[in-house]
Amino acid sequence: MKKILFLHDTALTLKRGAELTIAQLVSKGKELGFLVEVGLLQNFEETKTTILAHDLLIICNTSRCKFELDILNYVLESKIPFSKIEFDYNFCVRRNILCTLDRNIRNCCNTDKFHLFRTLFANSQLNIFQSPKHFESHVEFYGEAISHNYLIMPPTVDVENICISEEKVEEIPFLES
């Protein structure tokens, strides 16, 4: 039985778009007979061990993970096939692309993270984006690293199920001083 691991930085109990979409994808994978788990990126050593026990990785949001760059480098070194679902603009520490619209916004891109995400997209079996514009914005940033093996898949959630979380973590590691 194929073992699939979704790597995500937030518990699926939160009712936001990414979490609802991942929960639906996990459910569908199980329905199709796969062993599907979600790794919440809380402990580096445990996450590495969990990664090695799976046949396919699905990289989701990682920006709230304190060891994000290390775990993504580990994924690349592990040679385990993976796909990338992009819910925002996670290569940017602000998870948006305002710097492409307003040149007065600076210091939002971490150079190491930018290059790591380029490598991640280039080596992904499949890159999944939310809309044609979402995809185009990533192509503008990464060019040919994105232009292979991609899928545009609008979120699969019923928007009435989305709600503001009282548990939301506002801290994003790259924004901390």
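This report covers model confidence, nonpolar cores and aromatic pairs.

## Model and confidence

The model is predicted, with local features requiring pLDDT of at least 70, side-chain atom pairs requiring 80 or more, and totals for chains, interfaces and linings using all residues. Residues are numbered from 1 along each chain as its sequence is written, and side-chain values use heavy atoms, with hydrogens and water left out.

The protein has a mean pLDDT (the predictor's confidence in each residue, from 0 to 100) of 82, and 75% of its residues reach 70 or more. Among its helices (DSSP runs of H or I, at least four residues) and strands (E, at least two), confidence is lowest in helix α4 (residues 98-101), with a mean of 56, and highest in strand β1 (residues 3-7), at 98.

## Nonpolar cores

A nonpolar core joins buried Ala, Val, Leu, Ile, Met, Phe, Trp, Tyr and Cys residues through side-chain atoms within 4.5 Å; buried means under 20% relative accessible area, exposed over 50%, and partly exposed in between (1.4 Å probe, protein chains only). The largest core has 26 residues, and I51 and Y142 have the most contacts inside it. Elements giving it two or more residues include α5 (111-123) and α6 (132-142). Another core, apart from this one, has 13 residues, among them I4 and L56.

## Aromatic pairs

Rings of Phe, Tyr and Trp (its six-membered ring) pair if their centres lie within 6.5 Å; planes under 30 degrees apart are stacked, over 60 edge-to-face, the rest tilted. The whole structure has seven aromatic pairs. The F117 and F121 rings are edge-to-face, because their centres are 6.2 Å apart and their planes at 65°. Both residues are buried.

F135 and Y150 are stacked, at 3.9 Å centre to centre and 20° between the planes. F135 is buried, at 10% relative accessible area, while Y150 is partly exposed at 39%.
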